Amino acid sequence: MARFARFDRFGGTEVLYIAELDPPHPGPGQLRVRVRANGLNPADYKIFHDAEHAKNYGAVPPTGVGFDFAGEVDEVGEGVTRYTVGDAVIGGKRNEAIGDFVIVDEDGVLTPKPQRLDWPTAGALPVAGRTAIAAVDRVGVGPGDTLLVSAAAGGVGVIACQLAVLRGATVVGTASERNHDFLRSLGVIPVAYGDGLVERLRDAAPGGYTAALDNHGPESVDAALELGVPLERINTIAARGHRGAQGIGNPQATDEQFAEVVRLVAEGRVVVPIEAVYPLERIREAYDRLEGGHVRGKLVVVPE
Ligand SMILES: NC(=O)c1ccc[n+]([C@@H]2O[C@H](COP(=O)([O-])OP(=O)(O)OC[C@H]3O[C@@H](n4cnc5c(N)ncnc54)[C@H](OP(=O)(O)O)[C@@H]3O)[C@@H](O)[C@H]2O)c1
(Lines give C-alpha, C1' and ligand atoms only; values in the text may rest on other atoms or scores of the structure.)
Protein backbone atom coordinates (compact mmCIF):
# COMPACT_ATOMS: atom_id res chain seq x y z
CA MET A 1 0.00 0.00 0.00
CA ALA A 2 1.04 3.62 -0.48
CA ARG A 3 0.26 6.76 1.51
CA PHE A 4 -1.33 9.90 0.06
CA ALA A 5 -2.40 13.18 1.67
CA ARG A 6 -6.07 13.77 0.91
CA PHE A 7 -9.20 15.67 1.92
CA ASP A 8 -12.88 14.72 1.46
CA ARG A 9 -14.50 18.04 2.47
CA PHE A 10 -13.45 21.68 2.74
CA GLY A 11 -12.18 23.07 6.03
CA GLY A 12 -9.08 23.81 8.11
CA THR A 13 -6.08 21.52 8.33
CA GLU A 14 -8.23 19.05 10.30
CA VAL A 15 -9.73 17.88 6.97
CA LEU A 16 -6.34 16.53 5.85
CA TYR A 17 -5.65 12.83 6.37
CA ILE A 18 -3.25 10.19 5.11
CA ALA A 19 -4.98 7.54 2.99
CA GLU A 20 -3.51 4.08 2.38
CA LEU A 21 -4.23 3.11 -1.22
CA ASP A 22 -2.93 0.76 -3.88
CA PRO A 23 0.07 2.31 -5.63
CA PRO A 24 -0.98 3.87 -8.97
CA HIS A 25 0.63 2.94 -12.30
CA PRO A 26 1.49 5.25 -15.18
CA GLY A 27 -0.54 5.30 -18.37
CA PRO A 28 0.88 5.99 -21.84
CA GLY A 29 3.15 9.04 -21.81
CA GLN A 30 3.27 9.09 -18.01
CA LEU A 31 5.83 8.35 -15.29
CA ARG A 32 5.48 7.20 -11.74
CA VAL A 33 7.72 9.08 -9.31
CA ARG A 34 8.66 7.75 -5.88
CA VAL A 35 8.39 10.98 -3.93
CA ARG A 36 11.26 12.09 -1.69
CA ALA A 37 10.08 15.60 -0.79
CA ASN A 38 7.11 17.92 -1.29
CA GLY A 39 7.29 21.69 -0.95
CA LEU A 40 4.21 23.36 0.54
CA ASN A 41 2.54 26.42 -0.97
CA PRO A 42 -0.26 28.77 0.11
CA ALA A 43 -2.35 27.70 -2.90
CA ASP A 44 -2.52 24.17 -1.41
CA TYR A 45 -4.33 25.31 1.73
CA LYS A 46 -6.45 27.86 -0.10
CA ILE A 47 -7.77 24.88 -2.09
CA PHE A 48 -8.66 22.67 0.87
CA HIS A 49 -10.19 25.63 2.75
CA ASP A 50 -12.43 27.05 0.14
CA ALA A 51 -14.72 25.61 -2.56
CA GLU A 52 -14.57 28.81 -4.65
CA HIS A 53 -10.80 28.78 -4.68
CA ALA A 54 -10.72 25.04 -5.35
CA LYS A 55 -12.92 25.54 -8.41
CA ASN A 56 -10.21 27.71 -10.00
CA TYR A 57 -7.83 24.77 -9.75
CA GLY A 58 -10.33 22.11 -10.81
CA ALA A 59 -10.21 20.55 -7.34
CA VAL A 60 -13.27 18.57 -6.28
CA PRO A 61 -13.06 16.60 -3.02
CA PRO A 62 -12.35 13.78 -2.37
CA THR A 63 -8.97 14.65 -3.80
CA GLY A 64 -5.27 14.83 -3.06
CA VAL A 65 -3.17 17.76 -1.89
CA GLY A 66 -0.21 19.85 -3.02
CA PHE A 67 1.68 20.55 -6.23
CA ASP A 68 5.45 20.38 -5.65
CA PHE A 69 7.41 17.15 -5.63
CA ALA A 70 10.91 15.78 -6.13
CA GLY A 71 11.73 12.10 -6.37
CA GLU A 72 12.90 9.20 -8.50
CA VAL A 73 11.17 7.77 -11.55
CA ASP A 74 10.32 4.18 -10.64
CA GLU A 75 7.94 3.19 -13.48
CA VAL A 76 7.48 4.53 -16.99
CA GLY A 77 4.42 4.21 -19.21
CA GLU A 78 4.29 3.28 -22.86
CA GLY A 79 5.88 5.78 -25.24
CA VAL A 80 7.92 7.69 -22.66
CA THR A 81 11.21 8.75 -24.25
CA ARG A 82 12.78 11.50 -22.14
CA TYR A 83 12.96 9.79 -18.74
CA THR A 84 13.81 6.34 -17.51
CA VAL A 85 13.59 4.37 -14.26
CA GLY A 86 16.06 5.75 -11.71
CA ASP A 87 16.06 9.35 -13.01
CA ALA A 88 15.82 12.01 -10.32
CA VAL A 89 13.21 14.63 -11.20
CA ILE A 90 11.54 17.76 -9.89
CA GLY A 91 7.99 18.58 -10.88
CA GLY A 92 4.48 19.67 -10.17
CA LYS A 93 1.09 17.94 -10.21
CA ARG A 94 -1.88 19.89 -8.91
CA ASN A 95 -3.75 18.19 -6.04
CA GLU A 96 -1.89 14.92 -6.41
CA ALA A 97 1.66 15.59 -5.32
CA ILE A 98 1.86 14.77 -1.63
CA GLY A 99 2.37 11.13 -0.72
CA ASP A 100 4.58 8.19 -1.60
CA PHE A 101 3.98 8.32 -5.37
CA VAL A 102 2.86 10.77 -8.00
CA ILE A 103 1.88 10.05 -11.59
CA VAL A 104 2.95 12.80 -13.97
CA ASP A 105 2.82 13.33 -17.72
CA GLU A 106 6.21 13.23 -19.39
CA ASP A 107 5.41 16.61 -20.94
CA GLY A 108 3.91 18.03 -17.74
CA VAL A 109 5.72 20.23 -15.21
CA LEU A 110 8.90 18.18 -14.93
CA THR A 111 12.65 18.71 -15.10
CA PRO A 112 15.71 16.63 -14.19
CA LYS A 113 17.08 17.10 -10.66
CA PRO A 114 20.76 18.00 -10.62
CA GLN A 115 22.66 15.60 -8.36
CA ARG A 116 23.99 18.42 -6.17
CA LEU A 117 20.52 19.45 -5.12
CA ASP A 118 19.31 17.80 -1.90
CA TRP A 119 15.78 16.38 -1.88
CA PRO A 120 14.10 18.98 0.38
CA THR A 121 15.47 21.89 -1.63
CA ALA A 122 14.55 20.20 -4.91
CA GLY A 123 11.03 19.50 -3.68
CA ALA A 124 10.61 23.12 -2.61
CA LEU A 125 11.34 24.65 -6.02
CA PRO A 126 8.45 24.09 -8.44
CA VAL A 127 5.80 26.69 -7.53
CA ALA A 128 8.09 29.21 -5.83
CA GLY A 129 10.89 28.96 -8.39
CA ARG A 130 8.65 28.99 -11.44
CA THR A 131 6.60 31.89 -10.10
CA ALA A 132 9.64 33.94 -9.14
CA ILE A 133 11.38 33.62 -12.49
CA ALA A 134 8.18 34.20 -14.49
CA ALA A 135 7.56 37.40 -12.52
CA VAL A 136 11.14 38.68 -12.79
CA ASP A 137 11.22 38.01 -16.53
CA ARG A 138 7.80 39.60 -17.06
CA VAL A 139 8.88 42.95 -15.64
CA GLY A 140 12.24 42.57 -17.41
CA VAL A 141 14.56 43.41 -14.51
CA GLY A 142 18.11 44.48 -15.33
CA PRO A 143 20.97 46.81 -14.38
CA GLY A 144 19.68 50.31 -13.75
CA ASP A 145 16.47 49.01 -12.17
CA THR A 146 15.51 49.56 -8.57
CA LEU A 147 13.02 46.82 -7.76
CA LEU A 148 10.58 46.61 -4.87
CA VAL A 149 9.83 43.03 -3.75
CA SER A 150 7.18 42.44 -1.08
CA ALA A 151 7.31 39.41 1.26
CA ALA A 152 10.97 39.23 0.28
CA ALA A 153 11.89 36.41 2.67
CA GLY A 154 8.91 34.20 1.71
CA GLY A 155 8.99 31.29 -0.72
CA VAL A 156 8.52 33.28 -3.92
CA GLY A 157 10.09 36.53 -2.69
CA VAL A 158 13.41 35.08 -1.61
CA ILE A 159 14.00 33.53 -5.03
CA ALA A 160 12.74 36.57 -6.95
CA CYS A 161 15.04 38.88 -4.98
CA GLN A 162 18.10 36.82 -5.79
CA LEU A 163 17.24 36.47 -9.46
CA ALA A 164 16.89 40.24 -9.68
CA VAL A 165 20.22 40.80 -7.89
CA LEU A 166 21.88 38.38 -10.36
CA ARG A 167 20.37 40.37 -13.23
CA GLY A 168 22.05 43.51 -11.87
CA ALA A 169 19.13 45.32 -10.21
CA THR A 170 19.12 47.14 -6.89
CA VAL A 171 16.57 45.23 -4.81
CA VAL A 172 14.59 46.53 -1.84
CA GLY A 173 12.55 43.86 -0.05
CA THR A 174 9.88 44.10 2.63
CA ALA A 175 10.13 41.74 5.60
CA SER A 176 9.91 41.54 9.38
CA GLU A 177 12.92 42.65 11.35
CA ARG A 178 14.01 39.06 12.04
CA ASN A 179 14.71 38.62 8.32
CA HIS A 180 16.63 41.85 7.74
CA ASP A 181 20.16 40.52 8.30
CA PHE A 182 19.33 37.47 6.22
CA LEU A 183 18.12 39.64 3.32
CA ARG A 184 21.23 41.86 3.57
CA SER A 185 23.33 38.70 3.24
CA LEU A 186 21.63 38.13 -0.15
CA GLY A 187 22.37 41.67 -1.34
CA VAL A 188 18.83 42.92 -0.68
CA ILE A 189 18.03 46.17 1.14
CA PRO A 190 15.45 45.23 3.80
CA VAL A 191 12.50 47.44 4.80
CA ALA A 192 9.85 46.66 7.41
CA TYR A 193 6.27 46.41 6.10
CA GLY A 194 3.32 48.05 7.90
CA ASP A 195 2.43 51.66 8.74
CA GLY A 196 4.85 54.17 7.19
CA LEU A 197 5.93 51.71 4.49
CA VAL A 198 6.09 54.25 1.65
CA GLU A 199 8.29 56.64 3.65
CA ARG A 200 10.68 53.87 4.59
CA LEU A 201 10.81 52.69 0.99
CA ARG A 202 11.62 56.25 -0.15
CA ASP A 203 14.45 56.45 2.38
CA ALA A 204 15.81 53.08 1.28
CA ALA A 205 16.00 54.12 -2.40
CA PRO A 206 16.00 57.93 -2.70
CA GLY A 207 16.51 57.64 -6.48
CA GLY A 208 13.08 55.98 -6.80
CA TYR A 209 11.77 52.63 -8.02
CA THR A 210 11.40 51.40 -11.58
CA ALA A 211 9.64 48.05 -11.06
CA ALA A 212 7.85 46.01 -8.37
CA LEU A 213 6.99 42.41 -7.61
CA ASP A 214 4.13 42.02 -5.16
CA ASN A 215 3.97 38.74 -3.27
CA HIS A 216 1.66 39.77 -0.47
CA GLY A 217 -1.31 41.95 -1.29
CA PRO A 218 -2.81 45.32 -2.23
CA GLU A 219 -0.67 47.46 0.10
CA SER A 220 2.50 46.72 -1.86
CA VAL A 221 0.75 47.49 -5.16
CA ASP A 222 -0.43 50.79 -3.62
CA ALA A 223 3.09 51.54 -2.40
CA ALA A 224 4.61 50.81 -5.81
CA LEU A 225 2.12 53.12 -7.56
CA GLU A 226 2.67 55.85 -4.99
CA LEU A 227 6.41 55.56 -5.57
CA GLY A 228 5.88 56.10 -9.29
CA VAL A 229 6.36 52.59 -10.64
CA PRO A 230 4.51 52.30 -13.97
CA LEU A 231 1.57 49.87 -13.82
CA GLU A 232 3.04 47.69 -16.56
CA ARG A 233 6.20 47.16 -14.50
CA ILE A 234 4.30 45.82 -11.50
CA ASN A 235 3.74 42.06 -11.30
CA THR A 236 1.38 40.96 -8.56
CA ILE A 237 0.65 37.37 -7.58
CA ALA A 238 -1.36 38.30 -4.49
CA ALA A 239 -3.58 41.23 -5.55
CA ARG A 240 -4.47 40.66 -9.20
CA GLY A 241 -6.78 43.32 -10.55
CA HIS A 242 -6.08 45.74 -7.68
CA ARG A 243 -5.89 49.20 -9.31
CA GLY A 244 -5.37 47.45 -12.64
CA ALA A 245 -2.24 45.56 -11.58
CA GLN A 246 -1.74 42.23 -13.32
CA GLY A 247 0.57 39.37 -12.76
CA ILE A 248 1.80 36.04 -13.96
CA GLY A 249 3.17 33.16 -11.94
CA ASN A 250 3.53 29.39 -11.83
CA PRO A 251 1.01 28.51 -14.58
CA GLN A 252 2.70 30.81 -17.09
CA ALA A 253 6.30 29.74 -16.41
CA THR A 254 8.06 27.91 -19.23
CA ASP A 255 10.14 24.72 -19.08
CA GLU A 256 13.22 26.85 -19.83
CA GLN A 257 12.52 29.19 -16.91
CA PHE A 258 11.98 26.21 -14.59
CA ALA A 259 15.26 24.64 -15.71
CA GLU A 260 17.09 27.94 -15.23
CA VAL A 261 15.97 28.43 -11.67
CA VAL A 262 16.79 24.80 -10.82
CA ARG A 263 20.28 25.24 -12.29
CA LEU A 264 20.93 28.48 -10.37
CA VAL A 265 19.90 26.86 -7.08
CA ALA A 266 22.04 23.77 -7.80
CA GLU A 267 25.00 26.05 -8.52
CA GLY A 268 24.48 27.81 -5.19
CA ARG A 269 23.87 31.15 -6.91
CA VAL A 270 20.33 31.29 -5.55
CA VAL A 271 19.75 30.16 -1.97
CA VAL A 272 16.44 28.65 -0.85
CA PRO A 273 16.22 28.41 2.93
CA ILE A 274 14.24 25.40 4.13
CA GLU A 275 12.77 26.54 7.42
CA ALA A 276 11.57 23.06 8.42
CA VAL A 277 11.09 19.53 7.10
CA TYR A 278 8.09 17.56 8.42
CA PRO A 279 7.33 13.86 8.08
CA LEU A 280 4.21 13.19 5.99
CA GLU A 281 2.25 12.18 9.09
CA ARG A 282 2.64 15.72 10.47
CA ILE A 283 1.27 17.44 7.38
CA ARG A 284 -1.46 19.31 9.32
CA GLU A 285 1.15 20.89 11.56
CA ALA A 286 3.24 21.85 8.55
CA TYR A 287 0.31 23.64 6.86
CA ASP A 288 -0.64 25.33 10.14
CA ARG A 289 2.86 26.76 10.28
CA LEU A 290 2.75 27.89 6.64
CA GLU A 291 -0.57 29.62 7.29
CA GLY A 292 1.02 31.51 10.15
CA GLY A 293 2.45 33.60 7.29
CA HIS A 294 6.03 34.12 8.45
CA VAL A 295 8.00 31.22 7.04
CA ARG A 296 11.49 32.12 5.80
CA GLY A 297 11.84 30.38 2.46
CA LYS A 298 10.03 27.06 2.36
CA LEU A 299 8.46 24.25 4.38
CA VAL A 300 8.82 20.70 3.10
CA VAL A 301 7.12 17.37 3.84
CA VAL A 302 8.96 14.07 3.36
CA PRO A 303 7.29 10.65 3.11
CA GLU A 304 9.92 8.87 5.22
N1 LIG B 1 -0.25 33.10 -8.92
C2 LIG B 1 0.76 32.31 -8.70
O3 LIG B 1 1.28 31.66 -9.60
C4 LIG B 1 1.28 32.22 -7.30
C5 LIG B 1 2.37 31.38 -7.07
C6 LIG B 1 2.92 31.33 -5.79
C7 LIG B 1 2.33 32.08 -4.77
N8 LIG B 1 1.24 32.84 -5.01
C9 LIG B 1 0.65 33.64 -3.93
O10 LIG B 1 1.63 34.60 -3.53
C11 LIG B 1 1.65 34.77 -2.13
C12 LIG B 1 3.05 34.48 -1.58
O13 LIG B 1 3.38 33.12 -1.77
P14 LIG B 1 4.65 32.50 -1.01
O15 LIG B 1 4.72 31.08 -1.37
O16 LIG B 1 5.83 33.36 -1.18
O17 LIG B 1 4.12 32.64 0.51
P18 LIG B 1 4.87 32.48 1.88
O19 LIG B 1 6.19 31.81 1.67
O20 LIG B 1 3.92 31.87 2.83
O21 LIG B 1 5.11 33.99 2.30
C22 LIG B 1 5.42 34.28 3.58
C23 LIG B 1 6.03 35.66 3.64
O24 LIG B 1 5.02 36.66 3.72
C25 LIG B 1 5.56 37.74 4.44
N26 LIG B 1 4.54 38.60 5.03
C27 LIG B 1 3.66 38.32 6.03
N28 LIG B 1 2.89 39.39 6.30
C29 LIG B 1 3.28 40.39 5.43
C30 LIG B 1 2.86 41.73 5.19
N31 LIG B 1 1.85 42.27 5.90
N32 LIG B 1 3.49 42.43 4.20
C33 LIG B 1 4.49 41.89 3.48
N34 LIG B 1 4.93 40.62 3.67
C35 LIG B 1 4.34 39.89 4.63
C36 LIG B 1 6.37 37.07 5.52
O37 LIG B 1 7.40 37.95 5.88
P38 LIG B 1 8.08 37.96 7.32
O39 LIG B 1 8.30 36.52 7.72
O40 LIG B 1 9.35 38.69 7.04
O41 LIG B 1 7.12 38.65 8.25
C42 LIG B 1 6.87 35.78 4.87
O43 LIG B 1 8.23 35.89 4.48
C44 LIG B 1 0.53 33.86 -1.60
O45 LIG B 1 -0.66 34.62 -1.51
C46 LIG B 1 0.38 32.81 -2.69
O47 LIG B 1 -0.89 32.21 -2.72
C48 LIG B 1 0.70 32.93 -6.26
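This is a predicted model: local features need pLDDT of at least 70, side-chain atom pairs count only at pLDDT 80 or more; totals for chains, interfaces and linings use all residues.

Trainee: How many residues of domain 1 and domain 2 are in contact?
Mentor: 10 residues of domain 1 contact 12 residues of domain 2. Contact here means heavy atoms within 4.5 Å. The two domains bury about 810 Å² between them, with 46% of that on carbon and sulfur atoms.

Trainee: What makes Glu275 and Arg178 a salt bridge?
Mentor: The cut-off is 4 Å between a side-chain nitrogen of Lys or Arg and a carboxyl oxygen of Asp or Glu. In Glu275 and Arg178 the closest N and O atoms are 3.2 Å apart, so the pair qualifies. Between domain 1 and domain 2 the count is 1 salt bridge. On the side of domain 1 that touches domain 2, the residues are 4 nonpolar, 3 polar and 3 charged. The interface also has 7 residue pairs in polar contact, both residues at pLDDT 80 or more.

Trainee: Why is the pair Arg32 and Asp74 called a salt bridge?
Mentor: The N to O distance is 2.9 Å, within the 4 Å limit, so the name applies. This pair links distant parts of the chain: Arg32 sits in strand β3 (residues 30-39) and Asp74 in strand β5 (residues 68-76), 42 residues apart. By the salt-bridge rule the count comes to 21.

Trainee: How do you know that β1 and β2 pair?
Mentor: Pairing needs at least two bridges. Strand β1 (residues 2-7) has 5 bridges to β2, so the two count as paired, and they run antiparallel. Arg3 stands opposite Glu20 in β2.

Trainee: What makes β2 and β4 edge strands?
Mentor: The open sheet has 3 strands in the order β2-β1-β4, with antiparallel pairing. β2 (17-21) and β4 (63-64) each pair on one side only, and that makes them the edges.

Trainee: Which peptide bond is cis, from Pro61 to which residue?
Mentor: The bond from Pro61 to Pro62 is cis, with omega near 5 degrees. Pro62 is in the loop between α2 (51-56) and β4.

Trainee: What makes the phi of Asn95 worth a remark?
Mentor: Most residues other than glycine have a negative phi. Asn95 is not glycine, yet its phi is positive, near 65 degrees. Asn95 lies in the loop between β6 (88-92) and β7 (101-105).

Conventions:
Residues are numbered from 1 along each chain as its sequence is written. Side-chain values use heavy atoms; hydrogens and water are left out. Buried area is the accessible area (1.4 Å probe) that two parts lose on being put together, summed over both. A polar contact is a pair of N or O atoms within 3.5 Å; within protein, one must be able to donate a hydrogen and the other to accept it, and residues adjacent in sequence count only if both atoms are side-chain atoms. Ala, Val, Leu, Ile, Met, Phe, Trp, Tyr, Cys and Pro count as nonpolar, Asp, Glu, Lys and Arg as charged, and the others, Gly among them, as polar. Helices (H or I, at least four residues) and strands (E, at least two) are DSSP runs, numbered from the N terminus.
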